[in-house]
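This report covers a sheet, a symmetry relation and an interface. The sequence and structure come first.

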Protein chains: 2
Amino acid sequence: MTGTTSAVTGADLATVAELAQQLRVDSIRSSTSAGSGHPTSSMSAADLLAVLLARHLRYDWDQPASPANDHLIFSKGHASPLLYSVFKAAGVVSDEELMTGYRRFGSRLEGHPTPVLPWVDVATGSLGQGLPDAVGVALAGKYLDRADYRVWVLCGDSEMAEGSIWEALDKASYYKLGNLIAMVDINRLGQRGPTELSWDLDTYARRIEAFGARVFAIDGHDLAAIDEVMAQATLTADQPAVILARTRKGRGFSEVEDREGWHGKPLPPAMAERAIEELGGERALTVRGPLPPPGSPARAVTREAGAVTLPSYRVGDKVATRKAYGQALAALGARPDVVAMDGEVSNSTYAEDFAQAYPERYFEMFIAEQQLIAAAVGFGVRGYRPFASTFAAFFTRAYDFIRMAAISQANICLSGSHAGVEIGADGPSQMALEDLAMMRAVHGSTVLYPSDATSAAALVAAMADRDGISYLRTTRGGYPVLYDAGETFPIGGSKVLRSSPADQVTLIGAGVTLHACLAAAGQLESGGIRARVIDLYSVKPIDTATLTEAAAVTGGRLVIAEDHHPEGGLGSAVVDALTGAGRAELTVAHLAVREMPGSGTSEELLDAAGLSASHIASAARSILE
Amino acid sequence: MTGTTSAVTGADLATVAELAQQLRVDSIRSSTSAGSGHPTSSMSAADLLAVLLARHLRYDWDQPASPANDHLIFSKGHASPLLYSVFKAAGVVSDEELMTGYRRFGSRLEGHPTPVLPWVDVATGSLGQGLPDAVGVALAGKYLDRADYRVWVLCGDSEMAEGSIWEALDKASYYKLGNLIAMVDINRLGQRGPTELSWDLDTYARRIEAFGARVFAIDGHDLAAIDEVMAQATLTADQPAVILARTRKGRGFSEVEDREGWHGKPLPPAMAERAIEELGGERALTVRGPLPPPGSPARAVTREAGAVTLPSYRVGDKVATRKAYGQALAALGARPDVVAMDGEVSNSTYAEDFAQAYPERYFEMFIAEQQLIAAAVGFGVRGYRPFASTFAAFFTRAYDFIRMAAISQANICLSGSHAGVEIGADGPSQMALEDLAMMRAVHGSTVLYPSDATSAAALVAAMADRDGISYLRTTRGGYPVLYDAGETFPIGGSKVLRSSPADQVTLIGAGVTLHACLAAAGQLESGGIRARVIDLYSVKPIDTATLTEAAAVTGGRLVIAEDHHPEGGLGSAVVDALTGAGRAELTVAHLAVREMPGSGTSEELLDAAGLSASHIASAARSILE
């Protein structure tokens, strides 16, 4: 059957059956035309998506930004042919775009979906992330937007092996997210063979029920059953729902259906032709489901500029930058779009200051750092400005989520406390010594590392208006406030704390090492050596102009001190900047944590790592010889 | 009661009760003397550990390296006062060391346990890692050592929120690890307040049973009950056991028992005195439990040097480095200590070549990258040489595990395929663009990035004898073999592929960009410009001597091209090395992936990122102007 019909709304199941075949055919056509992609992983879930699109997804396709719309997230992002075929069926992507754009250079129909498309909330393709992201959107919907929209997620069965899926289900039930419905496409075949649990829906059901969700186990190719459970799944307000759909990979084409060896492979053209014939040929249905109900609340998120009064500190007082983070965040709470969450260490990161002031906008994520980041991404989808905090070391747990957040174009703010050996007795497991490298390498990221409370508070405020992934590194101990409350700290700037035209060497630090640089400059001065000192609070973007000038004045002689491993942190940032800015003549002493630290006091560990003032002064003297 | 007794073996429960109080007292004494630490988190689990040490842990304390010993892993590493008090009770740590060493600078009794201690297998302290590591040890015990030892793990209740715990339980049941017994210390209080599930042992039990383990729920302060379930837990050969122990944090001291606000805080001295009194005073019991049964099989792991014949390739043939990885790994399989595992993409990473040749030493980890790394760490504990592979991008999922593996002094080999925009149509979610930065920043790591099959195979062999965390970055597409089979590739070396004393500029690449550098050199030569070309296959350690010489010859003019984000990768490695080696005069053009890529062909995406030969040649011309 071929032919065009005008848009069907609330289609009957006979039409839905046709729509499902169309989705399969278009998944095959698009991937075969592209020469790559995952048609068989799309075909298994086509019946689910046909029913959802036609009868349950409340979505105004003409207004994708409408706050009343349901959300649809493909956690199995490799089923992009299916998603894009859904967009075609909804009438928002043309057949021509699907056939000539899919996976092509410059096209928005990328191999895995990203928010380059207006109907896509988050980038997926690294498995086990769509569901955690959806938990964030659903949290926003239930607790902040207080809206009626639902969040639908298509999961693959292979990704149920990712721990992050269970972090998500745990939080979905803890927070009673009745607005979250996950559909698991259990086609029993992964990339290189059968999945762990194959079609053992009972085990999936037991696990998911134990994690607090309602489970509906069905034949994923029975349209009536799908329709029935989708209706039921949306009826309960305080419990997430999971639809376990037993499906067959490649469903509808006998040459590949339920067969191994067909993951991630387009059908060769002749085979595609036979498949399309077996599926009843091409169709050109346009089908839309229900609109959001009238009277859905308008988006509540606003930014009330000017309401924020940052904390102020007295120069010389000893205040930990992590404390300034908490106080500044609490001050930012005057902005109703600011939300905060933490990984069960809010009394260490001082996110608790916000939690106490704005409990309704604070979300405890417990010790689940992947879900911590995913929740932030989800809040960002709904226009909120999320601040997520934990020990800086433990953001390594969520690096894949942070990387994907950048692809998702998420605007999220991260604060990592307890950086470096400075933390002292707890030992290396708690010391962030890779975080600057990790965060700098994220596309479009901002990396900030304040040395005092005044700059920390100012940078927290700056992060709240910054696009992309912003990261603040804070320190455990209290160190003297260096700056008056009026001082400004533009992102991309730096502060020259000591300078003269006669400077012979530049000392560059941030965080705890800046204080050591200042002390070292004093020691050097008493020995007749003039040292310039730079507070490099903005590690990325970096103040290349000030660094270049300092290098020019001081004969290219730099001492860079950082409480971080030698690779990818402050030292790399400085030499990357200077060597990227034209001819560079440099003599660099780079002090960093080069041996595995143990326990001890801050002072002992910083000294052992060669980061104390005397080491910095000594390094300066060495490069002046 | 105070006083010294000689070592008690197989102590009765009355003695065990005294031992438990001693463990509590010593946990308090050590943390109070240190001024930091987690006494209350130790006191809740003291009864569990007392019974285990005295009656169930089969361990020859005089021979900690004995392959017959049981293993004991503190997944809740912050309970180190308890662990070290156990070591004291076993007679291997003196009271003086405990009291003067704990958390002190230079001491082996660090804030969280590390394998600096001979009785500690792995570093813990980042929660949710001990149990996954233990799964690796148990896999080795059951399938490779085929030994009778058991792996005991103490988990905290807060860490049950980490997804990695569920990855571990899933794999423990999938692989029928009856030799694994986890004890969960459910003291209901986390760092900043109650846990998600508090004392809801039923929910814990349902979840854990659904994940395939046998569950024993008990009062964790009932010594007879603990004794009974520990005996039962070791009776089944093919199912892991989890003991859910309902406990009270700070058990035994009424001023803190089951109270909030006492996490991670030592008792002040006067309070410690009252606590010790309430606990019945100091004791000096030495208690050891059963030895491993006689006739436990000796360790099977040996290395048969010389048995390995690496694959060879013909210069000019197009072979993907990922394929060379698989073939070299299969060749290395001749060494019986080599084991391999993969995250369900072995047909992409080519770990399948090993899996086909040595199925008994291949372990499928499905899509659970955290467990993938943890399993490797566990195999390493038993002396095997693990190779773990997945898409390079997906190692970001396990960065915390990789970081902790370095603290664990693990010797593990990682291979990440599908690096950079070169992968083409799949899009950015599948592109590793942060992996070099991430892996370089790991303490003591080795980072390798071969450009052809010959060097890839040689480096795989070199990794197998390398200490620490070794990482190989491989490329999706096939590129010409550059080197004859006889060529050697020492770690820390590089290859100068084109050079003359008249070279004007140095082109530095690795992986796909090296081929572009070679083509660019040809283009430049036809324009009268002589370019030196360096294959920087060893990114860390790096060949500073060759780079320095090239910089000297070519007036410091370098073009560095990498299929990676600009931060922390090849470019940083080169400028870090050159600026770290004395006065450096450099003019650097650094070509890297600076914009978010989409889909396309390899050629389109490399060209769009500015990494094609013409861009490299153009950059070289620019810096020669």
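## The sheet in chain A

In chain A, 7 strands build an open sheet of mixed pairing, ordered β10-β9-β11-β12-β14-β13-β19. Strands are DSSP runs (E, at least two residues), numbered from the N terminus; two of them pair if DSSP finds at least two bridges between them. The edges are β10 (362-364) and β19 (538-540) of chain A; each has a single partner strand, so one side of each lacks a neighbour in the sheet.

Strand β11 (residues 385-391) and strand β12 (residues 412-417) of chain A run parallel, joined by 5 bridges. A:S389 has A:S415 of β12(A) as its bridge partner.

## Model and conventions

The model is predicted: local features need pLDDT of at least 70, side-chain atom pairs need pLDDT 80 or more, and totals for chains, interfaces and linings use all residues. Residues are numbered from 1 along each chain as written, chains are lettered from A and ligands numbered from 1 in written order, and side-chain values use heavy atoms, without hydrogens and water.

## Symmetry

A 180 degrees rotation with 0.0 Å of shift along its axis places chain B on chain A, RMSD 0.0 Å (least squares on C-alpha atoms of residues with pLDDT of at least 70 in both copies). This is a two-fold axis relation.

## The interface

Contact (heavy atoms within 4.5 Å) links 102 residues of chain B with 102 residues of chain A. The rule finds 18 salt bridges across this interface (a Lys or Arg side-chain nitrogen within 4 Å of an Asp or Glu carboxyl oxygen). A:R192 and B:E364 meet in a salt bridge at 3.9 Å, N to O.

Terms used
Helix = DSSP H or I, 4+ residues; strand = E, 2+ residues; numbered from the N terminus.
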